[in-house]
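Open the model in your viewer and show it as a cartoon. The stops below say what to select next and what is there.

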Amino acid sequence: AGARGRAHRHLGMSTDLARVGGRQRTPSRPGPGPIADDLVRHLEIVLQRRASGRMPGDHRGLGFGDGLDLDRLRPYEPGDDVRRIDWSATARSLVPQVREDLPDRQLTAWLLLDTSASMHFGTAERRKADVAEGVALVVGRYVARRTDRLGVIAFDAGRPVITPPAGGRRGMLGLARALAVDPGDAVDRVTAVDPAEPSSLARALRTVAASRTSGGLVVVISDFLGERDWIRPLTDVVGRHSVLAVEIGDCREHELVDVGELTLVDPETGRALRVDTSDRRLRSAFSDAAAAERAAVASALRRLGVRHLQLTTDGSWL
């Protein structure tokens, strides 16, 4: 209780979010732990890509944009968008005039949060879902501090739950609603997933790619387990946005411990497998396969120019 009290004092705005989310803190669902306010205040996320020659955010971008403030009027030239013609200025000068506005300063951030059943797993200090919650709170606070817009897409084995981008308190409340869905609840309602269907992460990325929001920041928080059918839609996203991939793992996903025979169950499909962890060759093969899978994910993200951050359930994730 004392630790939770200290954590709440450090959380500031995040404390209210944790309370609104409705998460009950128990030993099996401990939450993200203390979030040091001074570290969050010094957090800066560098946007790597320019979109249409401009970068929305704290500072005015280069060139001209879709803002509401007029920069200048100039005569129409072949190839200009006719929707930018200022008809009042055209009537005064009797020459078609095109309006050029200052780029919008406001950043639109998309937070893609994995709430699938595999995020309930954790053998160290907390579950993967608890680390994901902490990262989401930090990113949400960062966006709110800049008075920018935050959109949230919570995805699991079913259809993603989408909260459209909103600024200020509305954006933070959308994040709170997404955090109210605990991946542990999905363990009790396991359903078989059609392997022909694209993963929910792929569908979430397609939603962002199809959105009409200006180029900004996309943060993907997931364990990136399973099929890598998200590579193609992620390619469409990185063409317009700066993307940060936060991969959350657990040490027991990378190596097995010799504890004799175990029955392992996939929480997302219900598939069970009986294994003998005392077999040294099995443990070695498991470690090699896990390392190869993580390397393949890192390689795919690196080829796309995506910032890749790896966190674990052990130690201080922040």
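A nonpolar core, as used in this tour, is a set of buried Ala, Val, Leu, Ile, Met, Phe, Trp, Tyr and Cys residues joined through side-chain atoms within 4.5 Å. Buried means under 20% relative accessible area, exposed over 50%, and partly exposed in between, with a 1.4 Å probe and protein chains only. This is a predicted model, in which local features need pLDDT of at least 70 and side-chain atom pairs count only at pLDDT 80 or more, while totals for chains, interfaces and linings use all residues. Residues are numbered from 1 along each chain as its sequence is written, and side-chain values use heavy atoms, with hydrogens and water left out.

**The whole chain**

Start with everything selected. The protein has 10 helices and 10 strands; these are DSSP runs numbered from the N terminus, helices being H or I of at least four residues and strands E of at least two. Of its 318 residues, 43% are buried.

**The largest core**

Select L111, V135, V219, I221 and V246. They have the most contacts inside the largest nonpolar core, which has 32 residues. At least two residues of this core come from each of β3, α5 (128-145), β4, α6, β6 and β7 (242-249). The element that gives the most is α5, with 10 residues.

Now centre on L111. Contact means heavy atoms within 4.5 Å. Beyond its neighbours within four places in sequence, L111 is in contact with A136, V139, L150, G151, V152, I153, L175, V219 and I221.

A second, separate core has 23 residues, including L201, F224, L234 and L301.

**The sheet**

Colour the strands next. Six of them form an open sheet with mixed pairing, in the order β5-β4-β3-β6-β7-β10. Two strands pair if DSSP finds at least two bridges between them. At the edges stand β5 (161-167) and β10 (307-312), each with a single partner strand, so one side of each has no neighbour in the sheet. From one strand to the next the twist averages 15°.

Zoom in on β4 (residues 149-155) and β5, which pair in the antiparallel sense over five bridges. Here I153 has I162 of β5 as its bridge partner.

**Two helices on the sheet**

Show α6 (residues 168-179), which lies across β3 (108-114), β4 and β5 and runs at about 160° to β5. Axes are lines fitted to C-alpha atoms, for helices over the stretch in contact, and angles run from 0 to 180 degrees between N-to-C directions.

Is I153 buried or exposed? Its relative accessibility is 0%, so I153 counts as buried. Not counting residues up to four places away in sequence, I153 touches W110, L111, L112, L113, P160, V161, I162, A204, T207 and V208.

Move to A144 in helix α5. With 19% relative accessibility, A144 counts as buried. Draw a distance from A144 to R169: their C-alpha atoms are separated by 7.9 Å, and the two are 25 residues apart along the chain.

**The aromatic pair**

Last, select F224 and W230, both of which are buried. One aromatic pair is found in a search of the whole structure. Rings of Phe, Tyr and Trp (its six-membered ring) pair if their centres lie within 6.5 Å; planes under 30 degrees apart count as stacked, over 60 as edge-to-face and the rest as tilted. The ring centres of F224 and W230 are 5.4 Å apart and the planes are at 65°, so the pair is edge-to-face.
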